[in-house]
Amino acid sequence: MKKIAVLLVVAVAMMMPLIAGGSQESAQTVLTLSEVHAEGYPTTLADYEFARLVEERTEGRIKIDVYSGGTLYGEETGSIEALQIGDLAFARVSASPVASYVPALNVIQLPYLYRDGDHMWQVLNGEIGQQMLADIEASGSGLVGLCYYDAGARNFYTKTPVKSVADMAGLKIRLQNNQMMVEMVQLLGGNGVTGIGPNDVYSAIQQGTIDGAENNWPTYESMGDYQVAPYFVLDGHTRVPEILLASKAVLDSLDPADVEIIKECAKETQAYEIEQWALREQSSEEKVTSEGVVVTELTSEQLAEFQERMQPIYEKYGAGYEDIIEQIQNTGL
């Protein structure tokens with residue numbers, strides 16, 4: 001069982017009360033943070049920066065131990081459940097599973113919603129994105145949204161070049177188990193394939209089971225998929241952010257002044273994570289292009305062709321959120 005037991009509480013004169021998600025030793029409260037990504041990954045680096053800032057700003061009153069690589073919880077859903085009951089203090093997760101508690105978060109996952117990364121951050125750090133974070137705490141889920149982290153854009157990579165919607169015809173594209181994404185590929189003329197784990201994408205492409213997949217730069221490079229699918233098209237079909245979550249039960253057990261410090265540190269950590277993500281993307285892109293990957297940048301006209309095919313998805317999955325979608329599309333214009 002991967003879940004690590006809550007740390008034992010040690011006191012000088014008597015056993016001090018256990019704080020959910022961590023422990024107290026003398027005047028220091030030790031809390032835990034779960035991260036499924038490996039050491040050195042941008043979000044993991046940001047987790048450590050968050051922990052450093054909190055310990056520094058609270059003058060050592062609060063210490064956060066970061067457990068990366070799924071050491072505490074191998075799946076993000078498991079860490080969310082632990083947050084809800086106070087067995088865990090913090091977790092970095094994708095926005096996708098959090099949408100179960102705040103359906104409006106599904107809107108920011110719609111395909112071809114953003115013009116680019118700057119547009120996305122204008123939305124997330126603006127009224128719309130910050131309201132969604134507030135809605136997490138107001139949902140009664142026991143979760144508190146502290147800040148967003150960058151996870152980059154997901155793009156298609158294939159065995160043959162893709163420069164237009166016509167080039168997608170008949171292509172079998174590996175996808176996460178997400179019905180909206182399956183419908184997205186179908187609308188582009190391809191066939192969405194689910195049920196293939198990330199570690200099996202390489203062999204599936206190599207064996208001809210699929211013609212390609214979609215993901216961000218770091219995953220494309222680190223998994224070695226570029227060796228069998230050397231055509232990478234910058235269509236940026238989705239930009240799903242990560243969210244640093246806290247347990248409401250744990251925060252409620254802390255001094256309100258320290259809770260404010262924690263929230264402020266999280267906000268500051270966002271900029272650090274965005275910087276780390278950009279550096280990782282750049283290094284991944286440089287590595288694969290040096291080994292022969294062909295990168296296609298779509299013109300505005302070509303990208304518009306992809307976007308126009310998405311109308312049925314917006315009508316189905318954006319129903320009831322038309323005003324928010326329009327606000328997002330108009331942000332920054």
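Start by selecting leucine 244, which sits in strand 11; helices (H or I, at least four residues) and strands (E, at least two) are DSSP runs, numbered from the N terminus. A word on what you have open: this is a predicted model, where local features need pLDDT of at least 70 and side-chain atom pairs count only at pLDDT 80 or more, while totals for chains, interfaces and linings use all residues. Residues are numbered from 1 along each chain as its sequence is written, and side-chain values use heavy atoms, with hydrogens and water left out.

Is leucine 244 buried or exposed? Leucine 244 is buried, at 0% relative accessibility; buried means under 20% relative accessible area, exposed over 50%, and partly exposed in between (1.4 Å probe, protein chains only). Now show what surrounds leucine 244. Setting aside neighbours within four places in sequence, its contacts include Leu33, Phe50, Ala91, Val144, Cys147 and Ala266, along with the charged Asp47 and Arg92. Contact here means heavy atoms within 4.5 Å. For a distance to draw, go from leucine 244 to tyrosine 41: the two are 203 residues apart in sequence and 15 Å apart in space, C-alpha to C-alpha.

**Zoom out**

Colour by secondary structure and you get 13 helices and twelve strands. The radius of gyration, 21 Å, is close to the 20 Å that the globule rule gives for 333 residues, so the chain is as compact as a globular protein of that length. That radius is taken over C-alpha atoms, and the rule is 2.2 Å times the number of residues to the power 0.38. Along the principal axes, the C-alpha atoms fill a box of roughly 75 × 40 × 30 Å.

Buried residues make up 51% of the 333. Of the contacts with a separation of 6 or more, 73% are between residues 24 or more positions apart.

**Into the cores**

Next, select Leu105, Ile136, Phe156, Met184, Leu188, Ile243 and Leu245. These have the most contacts inside the largest nonpolar core, which has 54 residues. A nonpolar core is a set of buried Ala, Val, Leu, Ile, Met, Phe, Trp, Tyr and Cys residues joined through side-chain atoms within 4.5 Å. Helix 6 (residues 179–187) gives this core its largest share, five residues.

Centre on isoleucine 136. Not counting residues up to four places away in sequence, isoleucine 136 touches Val98, Val102, Leu105, Ser141, Leu143, Val144, Gly145, Ile243 and Leu245. Apart from that core lies another, of 26 residues, with Phe50, Val66, Val250 and Ala266 among them.

**Helix 2**

Pick out helix 2 (residues 76–85) and highlight Glu76, Gly78, Ser79, Ile80, Ala82 and Leu83, which are buried. What do the buried residues of helix 2 pack against? Look for strand 2 (28–34), strand 4 (90–94), helix 3, strand 5 (143–149) and strand 11 (242–247). Just after helix 2, stop at glycine 86, with its positive phi of about 80 degrees.

Most residues other than glycine have a negative phi. Two stops on this tour go the other way. Glutamate 59, in the loop between helix 1 (42–57) and strand 3 (62–67), has a positive phi of about 55 degrees. Glutamate 59 is exposed, with a relative accessible area of 69%. Its C-alpha lies 9.5 Å from that of glutamine 28, 31 residues apart in sequence.

Then jump to tyrosine 112, in the loop between helix 3 (95–98) and helix 4 (117–124). Tyrosine 112 also has a positive phi of about 55 degrees, but counts as buried, at 6% relative accessibility.

Select threonine 296 in strand 12 (residues 294–297). Threonine 296 is buried, with a relative accessible area of 12%. Beyond its neighbours within four places in sequence, threonine 296 contacts Val162, Lys163, Phe232, Val233 and Leu234.

Finish on isoleucine 324, in helix 13 (residues 322–330). Isoleucine 324 is partly exposed, at 22% relative accessible area. Leaving aside neighbours within four places in sequence, isoleucine 324 is in contact with Val107, Ile128 and Met132.
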